[in-house]
Amino acid sequence: MILNGFNEKDFLENYWQKKPLVIRQGFDEPNWISPDELAGLACEEEVESRIVMQETGAWNVEHGPFPEDRFSTLPKTNWSLLVQGVDQWSPEVADILKSFDFLPAWRLDDIMVSYAPVGGTVSQHYDFFDVFLIQGEGSRTWKIGDVCGSHSECLPDTPLRILKDFESRMEVTLQPGDILYIPAKYAHYGVSVEDSLTYSVGFRAPSICDVVDGVGVECLLEDDRFQDSAQSLQAQRGEIPKSAISHVKDMLLKVMDDEQLISSWLGQYVTDKKYPEFDLPTSAADNCLERLKAGESLMKHPSSRFAYIKQAELAGNESEAFLFADGEKYPAKLALASYISNQYELDSNELVLLLTDVQNQELVTELVVAGNLIFEDDFFADELGEAN
């Protein structure tokens, strides 16, 4: 799936994380999911969904799963249904991601799909995500404002982060197939002109708070503690001297200069399960190679996330890597780690060649046991079992 009339080089140099961009008719037939199918997903317990509505001047947010009859009781206008992670549940929606493979896969968050009748909106807000808003059916008008941040004042006592002040700098109405790219922290405000679907492809970035908290909580031991120096002991008993402050800074710099520590945390963080409370279905792991040789297809579970780091970047080993899958770290051969992480679909013949290596066989078996990889027949049998 290729974006129409889109120059990747120009986009990355002049727009990505810099300023908004409208891409007209980026997709020919953006009909990947229907409103009824989206409503059906919102009724499922495993799916994160919300209904946002403004009634008599007040905002109301309901969280799914919703009973089927909830949608027949909604008004004809001025509400929105938002469903997260639709790419995990719809192969057609997941295919959208192939159009954005010029961006790092490990930065991807998910595809949220929103349905709104006339007047539906979540008001003026900003996100810490870079987002591509793809117009499906219907049309929606967007206003883009200024760059915001934690200093920006929001309305009090509302269940949404609605900006108190908003001044439009750009206005555009998206028709089916149009795309609006909005960099992180830009204020935006979308209103449905007619019954419409919008696909939001979001790319997240870890904050410095995430890094410091994550490395500190998950990677460091309580054993490493401040120690008084002879110089700091000469200060007045109530004073925190500059030497003590410098020592604490040196401790932090030592941690933050540890590339292996940072890389382990980052790989686990960006691949961590979005919904860890749900167990993945698994395949039997005792005959993976034989099943592949017989022509069965192994697939990445739709909800699993993969990334890898070359060990050459850390320890100079050209053929080794660390593979990260759903927040777990595995030593791996670079060829296998890169193949699993980079490919949308796995080819049985390619895997059979890679599994001539015993280490690769063991790793694939671990991933199958964990449910990160699953044989297609087992996956669809599980899906049918749940449906029945």
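Colleague: What is the strand order in the open sheet of eight strands?
Modeller: This is a predicted model, and in it the order reads β1-β9-β6-β11-β5-β4-β2-β3, with antiparallel pairing.

Colleague: Which are the edge strands?
Modeller: β1, residues 21-23, and β3, residues 58-63. Each of them pairs on one side only.

Colleague: And how many degrees is the twist from one strand to the next, on average?
Modeller: The average is 20 degrees.

Colleague: What packs on the sheet?
Modeller: Helix α2, residues 35-42, does. Helix α2 touches β2 (49-55), β4 (79-83), β5 (108-116) and β11. The direction of the helix makes about 65 degrees with that of β4.

Colleague: Back to the strands. How many bridges join β6 to β11?
Modeller: Seven, between β6 at residues 129-135 and β11 at residues 196-204, and the two run antiparallel.

Colleague: What stands opposite phenylalanine 132?
Modeller: Valine 201, in β11.

Colleague: Now the whole protein. How many helices and strands?
Modeller: Eleven helices and 16 strands. The C-alpha atoms fill a box of roughly 70 × 70 × 45 Å along the principal axes.

Colleague: What share of the residues is buried?
Modeller: 45% of the 388 residues count as buried. As for the accessible surface, the total is about 20800 Å², and carbon and sulfur atoms account for 48% of that.

Colleague: What about charges: how many positive and how many negative?
Modeller: There are 30 positive and 68 negative charges, and their mean positions lie 9 Å apart.

Definitions and conventions. Residues numbered from 1 in each chain as written. Predicted model: local features only at pLDDT ≥ 70, side-chain atom pairs only at ≥ 80, totals over all residues. Heavy atoms only, no water. Helix = DSSP H or I, 4+ residues; strand = E, 2+ residues; numbered from the N terminus. Buried < 20%, exposed > 50% of the residue type's maximum accessible area, 1.4 Å probe, protein only. Areas by Shrake-Rupley, 256 points an atom, 1.4 Å probe, with all protein chains shown as cover. Lys, Arg positive; Asp, Glu negative; His and termini not counted. Charge placed at Lys NZ, Arg CZ, Asp CG, Glu CD. Pairing = 2+ DSSP bridges. Axes fitted to C-alpha atoms, helices over the stretch in contact; angles between N-to-C directions. Contact = heavy atoms within 4.5 Å.
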